[in-house]
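Reader: I would like to learn how to read a sheet and a helix from a model, one feature at a time. Could we look at the structure together and begin with the sheet?

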Amino acid sequence: MFAPRMSGPHALFGDIARMYGAQDPESATLRGVHLNSVLRLTPFTMAANVGSAALTVGAFWPAMPPAMWLWLAALLAMSLGAVINWRQQTLAPRRTASGRTLQRVTLHAALLAGVWAVMLVAWFPGATAAQQLTMATLATGMLGAGAFVLSPLPYASLAYTGIYTAAALGALGRHGDADHASVAALLGLYSPMVGIGALAAWKKSSTLLQAQSRAERQERMLAVLLQDFEQNAGDALWETGLDGHLTQLSPRLAELLDIGPEQIRTRPMLDLLQRDGTPEPTDLRHAMDSGRPFRDVAVQVATASGPRHLAMNGKPLADELGRPQGWRGVVADVTEQVRNEQRLWQLAHTDSLTGLANRFSLRDALAAAVREQQHGAMLMVELDQFKAINDTLGH
């Protein structure tokens with residue numbers, strides 16, 4: 001698997017070799033992404049080449065060397081072939097690419113640089129000062145622009161830059177003017193920096209693509225885990241936007257809230273929880289108004305099978321600037337737990353035979369009255385011979 005490493009030049013070229021030669025699916029996808037980023041710019045780069053060729057021919061017009069026509073025809077043919085290939089790739093875009101495909105792109109970049117090298121070596125030495133200025137300016141611009149455009153494919157970028165630099169130095173050497181020695185020295189300093197910049201751009205983009213690929217894998221894994229969680233657990237996930245509407249509805253959440261797609265689109269979540277005589281979810285509303293995370297907020301929902309008791313957990317969502325974006329959380333069905341607690345309370349506070357309040361209910365009522373400082377009176381009724389009835393007939 002390809003993974004760029006943050007180390008020296010040896011490791012950098014090792015990373016490049018692995019990207020070109022690795023056979024795993026991730027490397028093939030990475031090659032495809034880099035290739036597509038170059039292909040998308042093909043019409044613009046070929047237009048720049050044709051325009052530069054026209055300016056070069058214009059600089060020599062009308063005393064243009066006859067061989068320059070052949071040079072112009074070769075450049076136009078290569079540009080047309082590149083545009084045709086771009087058009088075919090646009091009609092049938094590829095998600096992956098092989099190392100051999102990248103090698104063909106490197107060959108095309110080298111041939112294109114070679115065509116321009118012919119122009120520099122053949123006609124720069126004998127050109128006038130104005131013609132040399134035009135050619136030097138075009139060569140410098142095409143060198144930097146080509147290296148930048150081809151930076152996603154480092155071998156192609158280095159081949160293009162190297163051939164261009166060698167041709168420019170050869171043209172200056174053939175001219176033999178001592179004044180051009182400083183220009184050659186500057187070119188010798190500038191060209192390596194262009195290549196280093198292209199390699200740095202490739203490394204940065206590859207690292208970013210690798211991080212995006214890992215994030216996508218983790219997102220897919222998380223989606224599978226969440227789906228499995230909802231299918232095998234009693235809980236469900238919920239998420240709302242700034243308008244309070246649910247942004248998505250899973251089958252488990254629809255079951256717990258007893259709602260359908262139409263209700264989701266027209267009513268906020270808090271309104272969905274308050275329907276058919278269900279008490280208003282005041283606690284939940286206050287918890288969300290506070291803007292802080294909350295846990296186990298009790299909510300009762302009316303469903304076709306009767307009241308359902310839910311426990312809501314949630315936390316606020318925010319963007320990278322800290323601006324609120326809604327809420328996200330988990331809702332759990334605690335209906336059975338609430339019913340069991342109610343049943344236990346009833347058994348503890350009522351008489352099992354008559355269903356009337358027992359001595360524990362009396363104690364709780366008296367404690368509440370004392371705590372709230374309520375005034376009142378208590379009446380105690382005695383039944384004569386009641387103990388004998390209990391002893392003979394049972395409680």
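**Reading the sheet and a helix**

Author: In this predicted model, four strands make up an open sheet whose order is S1-S4-S3-S2, with antiparallel pairing.

Reader: Which strands stand at the edges of the sheet?

Author: Strand S1 (235–240) and strand S2 (294–303) do, and because each has a single partner strand, one side of each is left without a neighbour in the sheet. Direction ignored, neighbouring strands of this sheet are turned against each other by 30° on average.

Reader: How many bridges join strand S3 to strand S4?

Author: Nine bridges join S3 (residues 306–318) to S4 (residues 324–333), and the two run antiparallel; leucine 317, for instance, stands opposite glycine 326 in S4.

Reader: Which strands does helix H12 lie across?

Author: Helix H12 (residues 282–289) lies across S2, S3 and S4, running at about 140° to S2. Helix H13 (residues 335–349) also packs on the sheet, where H13 touches S3 and S4, and its direction makes about 125° with that of S3.

Reader: What span should helix H6 have?

Author: At 1.5 Å a residue, the 21 residues of H6 (residues 129–149) should span 30 Å, and the end C-alpha atoms of H6 are 30 Å apart, which agrees.

Reader: Which residues of H6 are buried, and which exposed residues does the face turned away from them carry?

Author: The buried residues of H6 include Gln131, Met135, Leu138, Met142 and Val149. The buried residues cover an arc of only 150° around the axis, so they lie on the same side of H6, whereas the face turned away from that buried side carries the exposed residues Ala129, Ala130, Leu133, Thr137 and Phe148.

Key
Residues numbered from 1 in each chain as written. Predicted model: local features only at pLDDT ≥ 70, side-chain atom pairs only at ≥ 80, totals over all residues. Heavy atoms only, no water. Pairing = 2+ DSSP bridges. Axes fitted to C-alpha atoms, helices over the stretch in contact; angles between N-to-C directions. Contact = heavy atoms within 4.5 Å. Expected span 1.5 Å × (residues − 1). Buried < 20%, exposed > 50% of the residue type's maximum accessible area, 1.4 Å probe, protein only. Arc of directions from axis to C-beta.
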